[in-house]
Structure formats: C-alpha cells, structure tokens
Amino acid sequence: LLGRCSLRPLLHMPSLAIQDVVSTTRSERVSSHTHIQGLGLNEDGTAKPQAQGLVGQCAGREAAGIMVELIRSKKMAGRAVLFVGPPGSGKTALALAIAKELGTRVPFCLMVGSEVYSTEVKKTEVLMENFRRAIGLRIKENKEVYEGEVTELTPEETENPLGGYGKTISHVVITLKTVKGSKSLRLDPNIYDSLQKEKVQVGDVIYIEATSGAVKRVGRSDAYAQEVDLEAEEYVPLPKGDVHKKKELVQDVTLHDLDVANARPQGGQDVMAMMSSMLKPKKTEITEKLRQEINKVVNKYIDQGVAELVPGVLFIDEVHMLDLECFTYLNRALESTLAPIVIFATNRGRCKIKGADVLSPHGIPADLLDRLLIIKTVPYNVSEIMGIVKTRAATENLKLEEDALTELAEIGRRTSLRYVVQMLTPASILCRTYGRETISRADVQECDSLFTDAKASARHLHEHSHEYICQ
C-alpha cells in the first residue's frame with residue numbers, strides 16, 4: 001500500500017517535451033574570397049610564399065604592402081593604382097587583402113565598372129556616390145555623461161493634470177553604480193521613454209548624456225554572466241571612475257552618409273505625406289550645391305579639431321567597362337581635396353576605349369594612365385595552384401587525397417584556376433554519393449569529364465561550328 005501511494009503522483013505527472021538544442025553558431029556562406037585574411041607579409045615588408053590565404057604573387061603583394069603604409073600615413077589621398085593581369089591571377093584578392101590590412105575603421109568601397117550604367121541616375125553621379133562612400137569622417141566629441149550599472153529604476157507617478165482617472169509619470173529615480181561609488185538621479189519623463197525604448201532594466205550598464213538626455217545601453221553587467229539567458233547577451237565590466245564624468249565619444253561616418261541624411265526631405269507624419277514618399281523614385285540624385293555645403297561644414301569641423309578626415313579606398317573592378325565620359329570625370333575627381341585612394345583592376349590588353357574609336361592600353365585613356373601606379377599580376381604555376389586549392393578545400397571543410405590535389409593542380413595548369421576551384425564542390429558531392437568522405441582522384445576525373453572548361457568549349461565550337469547557328 002505504501003508503494004502504491006508513493007508511485008501514484010508520478011503516474012499522474014504530465015509528460016515533458018525534450019528537444020535537441022540547435023547550435024546558435026553563426027554559419028556564413030563561403031564566397032570566392034572568404035579565405036583572404038591579409039597580404040601575408042613579414043615585418044620587413046617581404047612576402048611569405050603562402051600566408052593569410054594568399055599564395056604566390058610576391059611582387060604584387062609587396063607593392064600592395066607599400067600602398068597600405070602610404071594609406072595609413074595619409075600621404076596617398078587622390079592617387080590611383082592599377083592592377084593588371086590575366087583573368088584569375090588574384091587582382092580582386094589583392095584588393096580585398098588590402099581592405100583586411102586596413103581594418104574596419106578605414107572605409108573600403110567596392111564597385112564594378114558596369115554599375116555606372118543606370119537608368120535612374122547619371123554615370124557621373126554613381127561614381128561620385130562611391131567616391132563619397134570611400135571617404136570617412138571621424139567625429140570626436142567631449143560630452144558630460146552619467147555612466148554605470150543600473151541598481152534601481154523607479155518611475156514615480158502623479159495625478160493627470162488634464163483630469164480623469166489615469167496617472168502620468170512625473171519623473172523617474174535611477175541609481176547608477178560604478179567601481180568608485182553610486183549616485184541616484186532624478187530624471188525627466190522624456191528620458192524614461194528613452195529608457196523603455198532601449199529596454200533598460202536593473203543590471204544593465206548604460207550611459208546618459210547630461211545635455212541632451214540621450215540614453216545608450218552598453219550591455220549587461222558581467223556580474224550577471226552566470227544567469228541562464230536564452231538570448232545572446234553582451235556582458236560588459238562595471239565602469240570605473242565616478243558616475244558623472246566627461247567622456248570622449250567617437251563616431252565614424254562617411255561623406256555619403258552625410259549627403260543622404262541632408263538630402264532626404266523631412267515629410268509630415270500624415271497619410272498623404274507617407275503616400276507621397278512611397279510614390280517618389282527610390283533613387284534620387286544629390287545636388288552638387290548640397291555637397292559643397294556639406295564640404296564647407298566638414299572643413300570647418302576639421303579646422304576646429306572636432307573631426308578628422310579618413311581617406312579610404314575605392315576599388316573599381318573591370319575598369320575597362322567605363323566610357324570616355326567616366327574617365328574624364330575621374331581625372332577631375334582625383335584632383336579634388338576630398339578624394340580617396342582609387343584602385344583600378346582590369347584583365348584587358350590593348351583594346352578600344354568604350355564610347356570612343358581609340359585604341360589604348362587596358363582600354364584606359366593615356367592621360368589617366370599617366371596618373372597611375374601600375375602593379376602587375378602573373379599567372380600561377382602548378383605548385384601555387386596546388387596551394388590555393390588546398391586552402392580553398394580547408395575553407396570549405398573538404399578532405400582531399402594527395403592524388404586528387406595533384407590532379408586538380410594539373411587540370412588548373414591546363415585550363416584555369418577558377419575552373420578547378422569551381423570543381424571542388426561537385427567533386428565532394430560525387431564523393432558523398434559513393435559513400436566516402438575524402439575526395440579521390442577518380443572523383444576529380446569524373447567531375448572533369450562531366451563539365452567543360454572555357455578553353456575546351458571554345459575549341460569545340462571552332463571544330464563543330466557548322467552544327468551551331470552563327471549570325
């Protein structure tokens with residue numbers, strides 16, 4: 001009887017659903033240049049044979065390293081560099097490696113020459129927008145702030161002055177704690193609205209600007225780091241010093257951000273204003289007059305020491321796609337006082353300039369070529385192709401046998417580097433189809449027999465041209 005009484009509550013317990021926890025690790029799509037982490041240079045500026053995702057191209061990487069030093073020292077604003085080399089020789093990879101070396105604080109804007117041909121805005125407007133995106137402005141401002149961990153947050157209510165039964169928030173009492181001490185503040189109800197928007201609660205580290213009353217939630221205090229939280233929370237240490245302090249706030253913006261912020265009309269909040277803003281074209285040109293006014297304000301801030309100009313990098317790939325009008329505009333834009341470092345890249349030899357019946361090296365006018373420092377890239381040899389394929393396989397979490405790696409390198413020498421890199425994923429699918437984890441030489445050969453590279457396709461078209469429609 002005692003046994004039945006003790007088991008009865010267990011028999012009537014509700015069943016618990018147990019589910020597997022899905023990993024919250026962020027997974028990103030592997031792109032063509034995901035493996036590029038930097039230029040791979042020694043401290044003396046010489047290139048390592050294989051480092052930070054780059055293989056070979058030692059002369060080009062060393063020249064790019066000198067460029068990075070010029071950019072960091074801010075002695076290269078308004079100048080331009082041209083990467084020249086055959087397709088698949090690493091021109092875009094070098095440009096992205098330069099961006100990695102410069103870090104996130106230096107603006108890096110990437111565009112393709114064909115982007116200028118838009119039906120909504122002029123070609124020169126597209127170029128100027130990207131020029132302005134590549135110029136940063138670091139604004140430094142000293143502000144009086146109250147900073148600390150929230151230990152008390154108590155809104156105090158009062159009778160509604162308009163009458164009725166409701167009550168309104170008259171003020172809010174908040175207590176902030178730092179390592180040095182704590183302070184209680186009596187805040188305006190408008191600041192309480194900002195606290196609610198930031199979702200501030202006890203245990204959060206915040207700062208409040210003394211003049212404007214703006215509230216910024218920095219994160220959760222690390223004293224609460226042991227508590228179970230389903231959401232990814234950023235834990236920060238308890239602030240040092242006094243609660244009331246002077247703090248230097250640094251904000252990084254680009255000139256294009258300032259252009260857009262001042263060009264956007266501030267419409268009303270009614271239905272007609274919303275409908276009119278929706279019916280407007282999404283892409284509008286920013287006038288030159290507005291940019292000149294913004295430049296005046298920027299120069300004023302720089303003279304006062306409030307802001308610092310950060311010339312970034314504008315990378316224009318396939319520059320031969322630009323026409324004569326664009327090249328003429330680039331000549332003038334490079335002479336401007338507010339100009340970034342411009343990197344061009346092309347795989348063309350001697351060809352006609354787009355929009356003109358003039359032959360020129362790389363499809364670029366001679367007067368613009370005179371302004372450029374030219375860095376050439378050379379085709380990869382078999383050992384370098386093998387190193388690149390091995391790096392790409394590691395990036396895509398693929399296992400390769402040595403025979404398969406050798407076979408891929410030989411196919412790359414016969415065809416192109418891009419072709420063998422594209423073969424990696426189909427070969428891995430074939431490998432898994434046969435129930436194996438490691439890609440073998442047979443998988444690579446079967447994949448090569450199923451697909452055709454560009455050179456083989458061109459030969460086939462030449463030999464069997466009578467079978468195709470040609471006009």
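## Close-up views of a predicted model

In the sheet, Leu110 has Phe315 of β13 as its bridge partner. The model is predicted, so local features need pLDDT of at least 70, side-chain atom pairs count only at pLDDT 80 or more, and totals for chains, interfaces and linings use all residues. Residues are numbered from 1 along each chain as its sequence is written, and side-chain values use heavy atoms, with hydrogens and water left out.

**View 1. Five strands form an open sheet.** The strand order is β4-β13-β14-β3-β17, and the pairing is parallel. Strands here are DSSP runs (E, at least two residues), helices are DSSP runs too (H or I, at least four residues), and both are numbered from the N terminus. Two strands pair if DSSP finds at least two bridges between them. Strands of a sheet pair through backbone hydrogen bonds, either parallel or antiparallel. Which strands lie at the edges? They are β4 (108-112) and β17 (372-376), and each pairs on one side only. From one strand to the next, the twist averages 20 degrees.

**View 2. Strand β3 pairs with β17.** β3 covers residues 80-84. Its pairing with β17 is parallel and runs over 5 bridges. Find Phe83, then look for its bridge partner in β17, Ile375.

**View 3. β13 is covered on both faces.** How many of the residues of β13 are buried? The count is 5 of 5. Buried means under 20% relative accessible area, exposed means over 50%, and partly exposed lies in between (1.4 Å probe, protein chains only). In a regular strand the side chains alternate between the two faces of the sheet. On one side of β13 sit Val313, Phe315 and Asp317. Leu314 and Ile316 are on the other. β13 has parallel partners: 5 bridges join it to β4, and 4 bridges join it to β14. Leu314 has Val342 of β14 as its bridge partner. The chain goes from β13 through α9 to β14 in a right-handed β-α-β crossover. Right-handed means that, with the strands pointing away from the viewer, the path from the first strand over the helix to the second runs clockwise.

View 4. Axes are lines fitted to C-alpha atoms, for helices over the stretch in contact, and angles run from 0 to 180 degrees between N-to-C directions.

**View 5. Lys123 and Asp323 form a salt bridge.** A salt bridge is a side-chain nitrogen of Lys or Arg within 4 Å of a carboxyl oxygen of Asp or Glu. Here the closest N and O atoms are 2.5 Å apart. Where do the two residues sit? Lys123 is in helix α4, and Asp323 is in the loop between β13 and α9 (324-334). They are 200 residues apart, so this pair links distant parts of the chain. Asp323 is buried, at a relative accessible area of 9%. The structure holds 18 salt bridges.

**View 6. Arg441 pairs with Glu407 in another salt bridge.** The closest N and O atoms are 3.1 Å apart. Arg441 belongs to helix α14 (residues 441-450), and Glu407 belongs to helix α12 (residues 402-414). The partners are 34 residues apart. Arg441 is partly exposed at 41% relative accessibility, whereas Glu407 is buried at 15%. Elsewhere, salt bridges that share partners join Glu125, Arg132, Asp259 and Arg291 into one network.

**View 7. Gln57 and Glu318 each have a positive phi.** Most residues other than glycine have a negative phi, and most peptide bonds are trans. Phi of Gln57 is near 50 degrees. Gln57 lies in the loop between β2 (54-55) and α2 (58-72). For Glu318, phi is about 50 degrees. Glu318 lies in the loop between β13 and α9. Buried or partly exposed? Gln57 is buried, with a relative accessible area of 9%, while Glu318 is partly exposed at 25%.
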